[in-house]
Amino acid sequence: MEQWDQDYVDMEETGHVTFEKRGTGGFHFGCVDASLDWRYDDSISRVDFTFEGSDEGDQVSGRGWAKIEGRQMVGQIVFHLRDESGFKAKKIK
């Protein structure tokens, strides 16, 4: 992630983002745990999402996007009235 180093991202568990069927999913990094509501935009070949969850017990929400570039996913997470960060992820089995 652009804003946080890998040690922070993996602090509680391995940082991850999951897009499940029917437009749901979630992500976890550092102390942030959130659920996703996503939609695929075919015109720009990316997923746009909103999220809500917690960061060290404080409620957080925001938006973001993700798309596949080569063998990785790239995207942006934007916390409402807070930080934002680009990210890169690779698929794990």
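Two residues are said to be in contact when they have heavy atoms within 4.5 Å of each other. The model discussed here is predicted, and every value below is computed from it.

**D55 and its partner R82**

On this definition of contact, and leaving aside neighbours within four places in sequence, D55 is in contact with Y8, C31, V32, V60 and R82. D55 is placed in strand 4. Is D55 buried or exposed? The cut-off for buried is under 20% relative accessible area; D55 counts as buried because its relative accessibility is 11%.

The contact with R82 is also a polar one, between the two side chains, at 2.9 Å. The side chains of D55 and R82 meet in a salt bridge, with 2.9 Å from N to O. This pair links distant parts of the chain, since D55 belongs to strand 4 and R82 to the loop between strand 6 and strand 7 (84-89), 27 residues apart. R82, at 43% relative accessibility, counts as partly exposed.

**Salt bridges**

How many salt bridges does the structure hold? There are 4 salt bridges in the structure. Side chains of opposite charge can pair when their charged atoms come close.

| D37 | R39 | 2.5 Å |

The accessibility of the partners can be given pair by pair. In the pair of D37 with R39, D37 is partly exposed at 37% relative accessibility, whereas R39 is exposed at 52%. The cut-off for exposed is over 50%, so R39 at 52% falls into that class.

In soluble globular proteins, nonpolar side chains tend to be buried together. The largest nonpolar core of this model has 17 residues, and those that touch the most other members are F27, F29, F49, F51, I77 and F79. At least two residues of this core come from each of strand 2 (24-29), strand 3 (32-41), strand 4 (46-55), strand 5 (58-69) and strand 6 (72-79). Which strand gives the most to this core? That is strand 3, with 4 residues.

Not counting residues up to four places away in sequence, I77 touches the phenylalanines F27, F29, F49, F51 and F87, together with M1, R63, G64, D83, E84 and S85.

**H28 in strand 2**

H28 lies in strand 2. With a relative accessibility of 5%, H28 counts as buried. Which polar partners does the side chain of H28 have? A polar atom of this side chain lies 3.3 Å from the backbone oxygen of G30, and a polar contact of 3.2 Å joins the side chains of H28 and D33. Beyond its neighbours within four places in sequence, H28 is in contact with E12, E13, T14, G15, H16 and D33.

**E2 before helix 1**

E2 sits in the segment before helix 1 (6-9). At 65% relative accessibility, E2 counts as exposed. Apart from neighbours within four places in sequence, E2 is in contact with S85 and G86. S85 is also among the residues that I77 touches. The C-alpha atoms of E2 and D33 are separated by 18 Å, and the two residues are 31 apart along the chain.

**The largest pocket**

The largest pocket holds about 760 Å³ of space. It is lined by 31 residues, of which H16, V17, M73, A89 and K90 are the closest to its centre. Helix 1, strand 1 (16-19), strand 2, strand 4, strand 5, strand 6 and strand 7 each supply at least two residues of the lining. Which element provides the largest share of the lining? Strand 1 does, with 4 residues. One of the residues closest to the pocket centre, H16, is also in contact with H28.

Conventions:
Residues numbered from 1 in each chain as written. Predicted model: local features only at pLDDT ≥ 70, side-chain atom pairs only at ≥ 80, totals over all residues. Heavy atoms only, no water. Core = buried A, V, L, I, M, F, W, Y, C linked by side-chain atoms within 4.5 Å. Buried < 20%, exposed > 50% of the residue type's maximum accessible area, 1.4 Å probe, protein only. Polar contact = N/O pair within 3.5 Å; in protein donor to acceptor, adjacent residues only side chain to side chain. 1 Å grid on protein atoms, 1.4 Å probe; cavity = no way out; pocket = protein on both sides within 12 Å on 5 of 7 lines; lining within 4 Å. Points joined across faces, edges and corners; volume = space filled by probe spheres on them.
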